[in-house]
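Please open the model in your viewer and keep the sequence panel beside it.

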Amino acid sequence: MRTKTIIIALASAVSMQMNAQETKTKNKVIDLGQVVYRMPVTAEFELINEENKSLRISQVRSSCGCTTVDFPQTNIAAGQAYKVGATYDAKQMGHFEKQVGLYFEDDQSPIMLTLKGVVVDEVHDFGGQYNYNMGDLSVDKIDIEFDDVNRGDRPFQEIHLKNNSDKPLTPVIMHLPPYLKADMSPSTIAPGRSGVARITLDSEQLNSFGLLQTNVYLGNNPGDKVSQEKEISVSTIILPNFEEMSATELANAPKLELSEEEIELVFGKKKRMSGVITLTNTGASTLEVNSLQMFTTGLKVSLSNTRLAPGEEAKMKITADKKELKTTRQRPRILMITNDPKNPKRIIKVKVK
């Protein structure tokens with residue numbers, strides 16, 4: 001039977017009742033971040049023997065001679081926690097990823113641990129501004145936008161973090177939807193040091209085009225509570241694909257013209273204000289408005305016609321609510337997706353005073 005073991009990165013105070021296989025898979029990788037050339041660094045893994053009998057590590061194998069492993073040489077009692085340290089001595093610059101296999105007596109399948117990072121001649125911290133505080137962490141941004149994404153793309157955005165506390169932190173991005181993946185480097189950030197959270201979008205997981213918005217949360221450590229002060233907004237715009245259109249089809253395609261790309265609304269003493277933008281199809285076939293969405297609350301949009309024949313016009317009425325717009329942190333904008341192959345995405349900015 002395969003050994004049941006929970007793998008947890010050092011300094012992550014996690015106490016969870018969950019399937020051991022799932023936990024092991026989730027926490028088997030430690031990212032060491034920037035590692036200085038020829039200065040050995042150690043990744044420590046904390047494990048728990050969840051078998052109802054004692055275990056013994058019979059041998060350890062590493063993927064290269066540059067990695068040495070420190071592990072218990074005696075029997076590990078049932079329920080006992082233990083540590084495995086993997087020390088990497090960098091002999092060349094650049095990114096690395098090394099594996100360590102733990103083999104147990106009477107078990108042919110090893111437990112695989114991974115340490116990774118990037119070897120540099122000198123550690124360089126982020127030189128920009130950390131404008132937002134999230135618990136003991138400061139970050140440079142709280143809004144992420146994936147613009148002009150085509151099906152099959154895997155774009156990523158980075159958030160720079162700094163540990164403002166006097167203890168190591170193991171940051172984690174919580175409430176990730178299936179189409180987003182988060183990687184933290186390093187896995188554990190020392191006091192006063194910085195790190196990077198990379199958010200990657202898998203567009204193959206999305207079935208429709210247009211605007212998709214969600215919120216994720218930055219925890220200081222695994223198991224941290226979700227709160228509004230730790231919220232990060234993620235916006236994604238998926239575009240329709242026109243790559244297979246022929247030259248003839250493109251020549252006879254619809255074309256959208258807007259009377260203006262930006263509208264300014266002055267409230268004064270009024271609670272609501274409205275403005276109108278004219279849409280015109282200057283192409284050779286029917287223009288279809290497939291998606292019309294707002295980036296923020298506080299806006300309402302109505303369109304007189306979503307299918308415009310060549311030469312036809314439509315009126316778009318935009319109404320802004322002063323009270324609702326005060327509560328949003330994003331810029332008021334409207335996204336329009338059409339079947340105009342040369343410019344399928346149009347964003348209308350709404351300025352309010």
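Begin by selecting Cys64 and Cys66, which are joined by a disulfide with an S to S distance of 2.1 Å; a disulfide here is a pair of cysteine sulfur atoms within 2.5 Å. The structure holds one disulfide. The torsion about the S-S bond of Cys64 and Cys66 is about -70°, so this disulfide is left-handed. Cys64 is buried, with a relative accessible area of 19%, and Cys66 also counts as buried, at 17% relative accessibility. Buried means under 20% relative accessible area, exposed means over 50%, and partly exposed lies in between, with a 1.4 Å probe and protein chains only.

Before moving on, please note that this is a predicted model, in which local features need pLDDT of at least 70 and side-chain atom pairs count only at pLDDT 80 or more, while totals for chains, interfaces and linings use all residues. Residues are numbered from 1 along each chain as its sequence is written, and side-chain values use heavy atoms, with hydrogens and water left out.

Next, select strand E17, residues 231–238, where eight of the eight residues are buried. Strands are DSSP runs (E, at least two residues), numbered from the N terminus.

Strand E11 (residues 143–149) pairs with E17 in the parallel sense over five bridges, and Ile144 stands opposite Val234 in E17. Strand E16 (residues 210–219) pairs with E17 in the antiparallel sense over eight bridges, and the bridge partner of Val216 in E17 is Ile232.

Move on to the open sheet of five strands, which has the order E9-E10-E12-E15-E14 and antiparallel pairing. Its edge strands are E9 (132–134) and E14 (180–185), each of which pairs on one side only. From one strand to the next the twist averages 30°, where axes are lines fitted to C-alpha atoms and angles run from 0 to 180 degrees between N-to-C directions. If you zoom in on E9 and strand E10 (residues 137–139), you will find three bridges joining these antiparallel strands, with Tyr132 opposite Val139 in E10.

Another open sheet, of four strands, has the order E18-E20-E24-E22, again with antiparallel pairing. Strand E18 (256–258) and strand E22 (299–303) stand at the edges with a single partner strand each, so one side of each is left without a neighbour in the sheet. Within this sheet, nine bridges join strand E20 (residues 272–281) to strand E24 (residues 313–321), which run antiparallel, and Leu279 stands opposite Ala314 in E24.

Finish at the largest pocket, which is lined by 40 residues, of which Leu32, Gly33, Gln34, Ser185 and Pro186 lie nearest its centre. Among the elements that give two or more residues to its lining are strand E3 (41–49), strand E12 (156–163) and E14.

Definitions and conventions: Pairing = 2+ DSSP bridges. 1 Å grid on protein atoms, 1.4 Å probe; cavity = no way out; pocket = protein on both sides within 12 Å on 5 of 7 lines; lining within 4 Å.
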